[in-house]
Amino acid sequence: MTGAESQEATQDSALPGPPSEVPEPAAEQKAPEDSQPEPSAPPASHASQDVPPGFLYKVEALHDFEAANSDELTLQRGDVVLVVPSDSEADQDAGWLVGVKESDWLQYRDLATYKGLFPENFTQRLE
């Protein structure tokens, strides 16, 4: 029995060794795992950035519209615009929407620079 006990003791002492080595590689593996959610997180945030903050719906320009002021969007027929809430209810009541061309948003992701007013009746809401 002493021999069996010594074998068990040897096995028991052998087991703590590898588990202490296993957490180290596991810790090394956790670092890549921790970094994996970060790369997967940007695509998730990237997906949420497919539309600007406050996005309401999309419209398509049915007619060309030439901006007359710096706060307006110039549109060409077929342009898709991502509509966002207007700062001014008066603009909305007067038939103006605020948005950013989808192409500008996808390229620059800068709502402050690329958003503008456009006439709602020049557009058609997309589903």
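## A tour of paired charges, strands and cores

Begin by selecting Asp-79 and Lys-101, both of which are buried (under 20% relative accessible area, where exposed means over 50% and partly exposed lies in between, with a 1.4 Å probe and protein chains only). What you have open is a predicted model, in which local features need a pLDDT of at least 70 and side-chain atom pairs count only at pLDDT 80 or more, while totals for chains, interfaces and linings use all residues. Residues are numbered from 1 along each chain as its sequence is written, and side-chain values use heavy atoms, with hydrogens and water left out.

**The charged pairs**

Keep Asp-79 and Lys-101 selected and show their side chains, which meet in a salt bridge at 3.8 Å, N to O. Asp-79 sits in the loop between β1 and β2 and Lys-101 in strand β3, so that this pair links distant parts of the chain, 22 residues apart. Strands, like helices, are DSSP runs numbered from the N terminus (helices are H or I with at least four residues, strands are E with at least two).

The structure holds four salt bridges, each being a side-chain nitrogen of Lys or Arg within 4 Å of a carboxyl oxygen of Asp or Glu. Side chains of opposite charge can pair when their charged atoms come close.

Next, select Glu-102 and Lys-58, whose side chains form a salt bridge of 2.8 Å, N to O. This pair also links distant parts of the chain, with Glu-102 in helix α6 and Lys-58 in strand β1, 44 residues apart. Lys-58 is partly exposed, at a relative accessible area of 29%.

Then move to Arg-109 and Asp-50, which meet in a salt bridge of 3.9 Å, N to O. Because Arg-109 lies in the loop between α6 (102-108) and α7 (111-114), and Asp-50 in the loop between α4 (37-48) and β1 (57-61), the pair ties together parts that are 59 residues apart in sequence. Arg-109 is partly exposed, with 25% relative accessible area, and Asp-50 is likewise partly exposed, at 32%.

Now select Asp-104, which lies in helix α6. Asp-104 is buried yet has no salt bridge, and the nearest side chain of opposite charge, Lys-101, is 4.9 Å away. Leaving aside residues up to four places away in sequence, Asp-104 touches Arg-109 and Tyr-114, where contact means heavy atoms within 4.5 Å.

**The sheet**

Switch to a cartoon view and look for an open sheet of five strands, with antiparallel pairing and the order β4-β3-β2-β1-β5. At its edges are β4 (116-119) and β5 (123-126), each of which pairs on one side only. Two strands pair if DSSP finds at least two bridges between them.

**The nonpolar cores**

Finally, select Tyr-57, Val-59, Ala-61, Phe-65, Leu-73, Leu-75, Val-81, Val-83, Leu-97 and Phe-118, the ten residues of the largest nonpolar core. Such a core is a set of buried Ala, Val, Leu, Ile, Met, Phe, Trp, Tyr and Cys residues joined through side-chain atoms within 4.5 Å. Strands β1 and β2 each supply at least two residues of this core, and the largest share, three residues, comes from β1. A second, separate core has seven residues, among them Leu-82, Val-98, Val-100 and Trp-105.

How values were computed. Lys, Arg positive; Asp, Glu negative; His and termini not counted.
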